[in-house]
Amino acid sequence: MNEQPIALVTAPASLSNLGPGFDALGMAVEGLGDTVEVWRDERPGVRVIASDTGAAWTAPDDRKNTAVIAAESVLRKAGVDFGLKLRIRKGLTPGSGLGSSAASAVAGAWAADVAC
């Protein structure tokens with residue numbers, strides 16, 4: 001893809017289970033996170049166009065990808081008539097305990113918000 005993305009956003013890794021706060025308290029980890037680039041698309045919906053981690057880490061079915069789910073939610077709430085293409089760069093290993101799914105979801109939602 002030769003055109004420049006509308007936005008490039010990064011969401012940080014996170015840690016929870018902090019003392020008496022259990023999963024209600026958390027903190028971001030500086031320097032680690034997932035990055036999403038976003039382009040507008042004439043087709044409705046959100047789709048992943050590329051990922052640098054391979055199909056094992058980016059759900060082959062876009063409907064199961066947390067970045068896609070979050071971005072679609074933003075588009076629905078905004079009531080727009082365009083779709084999005086996302087490129088996801090995983091900086092966090094799924095299952096690492098660093099909020100990999102959450103980082104992708106936050107980056108996807110933020111990218112969609114900027115695109116709107």
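Begin by selecting leucine 8, which lies in strand 1; strands (E, at least two residues) and helices (H or I, at least four) are DSSP runs, numbered from the N terminus. The model is a predicted one: local features need pLDDT of at least 70, side-chain atom pairs count only at pLDDT 80 or more, and totals for chains, interfaces and linings use all residues. Residues are numbered from 1 along each chain as its sequence is written, and side-chain values use heavy atoms, with hydrogens and water left out.

Leucine 8 has a relative accessible area of 49% and is partly exposed, that is, between buried (under 20%) and exposed (over 50%), with a 1.4 Å probe and protein chains only. The C-alpha atoms of leucine 8 and threonine 35 are 6.9 Å apart, although 27 residues separate the two in sequence.

Next, select Val36, Val38, Val46, Ala71, Leu84 and Leu86, the residues with the most contacts inside the largest nonpolar core, which has 23 residues. Such a core is a set of buried Ala, Val, Leu, Ile, Met, Phe, Trp, Tyr and Cys residues joined through side-chain atoms within 4.5 Å. Among the elements that give two or more residues to this core are strand 2 (27-41) and helix 2 (100-115). Helix 2 supplies the largest share, 5 residues.

Finally, select helix 2 and display its buried residues, including Ser100, Ala107 and Ala115. They pack against strand 1, strand 2, helix 1 and strand 4.

Definitions and conventions: Contact = heavy atoms within 4.5 Å.
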